[in-house]
Amino acid sequence: MFKILGFSIMSLLEPKYRYNLGYALSGGGAKGFAHLGALKVLEQHELKPDVIVGTSAGSLAGVFYADGFHPDEITELFRKKEFREFAEFTIPIAGFFKSSGLHTFLKNNLRAKTFEELQIPFISVATDWEKAKTVAFSEGKNLIDAVVASCTVPIVFHPVLIDDIAYVDGGLFKNFPVSVIRKDCKYVIGVNVSLMVPPAEKTNIKKIAERTFNLMSNSNTLPDRKLCDILIETAGLEKYTMFDLNNIEKISEIGRITADERMQENDAKRIVSRCLRYKELSEKITPYIKQVKRR
């Protein structure tokens, strides 16, 4: 089988991988706005993922991006928002807050109402509270519930019920969900915004919960960091808290700067070049592939 731009036609007709390029976005609360800066840089390199997987804040950023929003448009949606707009205080039995505000926010702003309506295949990672296992949602009408569940930090929020099963934040076991898509993707670009932060000088129940969750989620990112073809880690976010909605632009800018520096490295340039060649070849022979499949 002949080759074009270094790729064989057969490799596209019978691909080894389901996707060529995947993005994995970590959890990290408000630090997740750094994902938006990183996504802007990846767009500047003309990259578009074939699949996106996200945990918690990464799920929130990922679902809007998969729905066709530009990173600047996502930033604008959250501008001048406050924590209380996404959380409803309740009697603290299973959590101090209900996540009804976040559910309403997603319902009012997402164009897609199901996973299948998104422009890019998307996976939201949550934790089955009773069975203590990671669950990856990728299809059906529970899109909004799946994203809310992925963002539901235990103690702070009530668990989210999906088909009578309680789910909480995916960061408990899989804060950086690279392994969820690794076998399906030839290349994976991972953005990890949840690095270890020092304990707060002043403590309260919310800060203790945040610190506890940060320790747990960081410990389970180590295996997934090694699975990335390009790993972008946003150092410099230590002073921003999990629920900080007052510094969106600053956090996003740190993500942009970090991603820009990483993408200048030679190994990243090689992968970008390969992805762009693959995209060019795919566009050229798509009509040919459709013709062959119709026979």
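How many salt bridges does the count come to in this structure? In this predicted model, the count comes to 10 salt bridges, while the count of disulfides comes to 0.

- Helix α2, which covers residues 34–44, is largely enclosed by the rest of the structure, because 8 of its 11 residues are buried.
- The buried residues of this helix are Ala34, His35, Leu36, Gly37, Ala38, Leu39, Val41 and Leu42, and what covers them includes the strands β3 (19–25), β12 (185–192) and β13 (230–233) together with the helices α3 (57–66), α4 (71–78) and α12 (248–263).
- After α2 comes Glu46, a residue whose phi is positive, near 65°.

- Side chains of opposite charge can pair when their charged atoms come close.
- One of the salt bridges joins the side chains of Asp72 and Lys40, at 3.0 Å from N to O, and this pair links distant parts of the chain, since Asp72 lies in helix α4 and Lys40 in helix α2, 32 residues apart.
- Both partners count as partly exposed, Asp72 with a relative accessibility of 39% and Lys40 with one of 24%.
- Another salt bridge is formed by the side chains of Asp224 and Lys174, at 3.2 Å from N to O; here too the pair links distant parts of the chain, with Asp224 in helix α11 and Lys174 in helix α8 (residues 171–174), 50 residues apart.
- Asp224 is buried, with a relative accessible area of 1%, and Lys174 also counts as buried, at 17% relative accessibility.
- Arg262 and Asp267 form a further salt bridge, in which the closest N and O atoms are 2.9 Å apart, and salt bridges that share partners join Glu76, Arg79 and Glu249 into one network.
- Arg262 counts as buried at 14% relative accessibility, whereas Asp267 counts as partly exposed at 26%.

**The surroundings of Asn220**

- Asn220 is placed in the loop between α10 (205–219) and α11 (222–225), and this residue is buried, with a relative accessible area of 13%.
- The side chain of Asn220 reaches the backbone oxygen of Gly171 at 3.0 Å and the backbone nitrogen of Asn175 at 2.9 Å.
- When its neighbours within four places in sequence are left aside, Asn220 is in contact with Gly171, Leu172, Phe173, Lys174, Asn175 and Phe176.

**Cysteines**

- Cys151 counts as buried at 13% relative accessibility, and Cys228 is likewise buried, with a relative accessible area of 14%.

Note on methods:
Residues are numbered from 1 along each chain as its sequence is written. This is a predicted model: local features need pLDDT of at least 70, side-chain atom pairs count only at pLDDT 80 or more; totals for chains, interfaces and linings use all residues. Side-chain values use heavy atoms; hydrogens and water are left out. Helices (H or I, at least four residues) and strands (E, at least two) are DSSP runs, numbered from the N terminus. Buried means under 20% relative accessible area, exposed over 50%, partly exposed in between (1.4 Å probe, protein chains only). A polar contact is a pair of N or O atoms within 3.5 Å; within protein, one must be able to donate a hydrogen and the other to accept it, and residues adjacent in sequence count only if both atoms are side-chain atoms. Contact means heavy atoms within 4.5 Å. A disulfide is a pair of cysteine sulfur atoms within 2.5 Å. A salt bridge is a side-chain nitrogen of Lys or Arg within 4 Å of a carboxyl oxygen of Asp or Glu.
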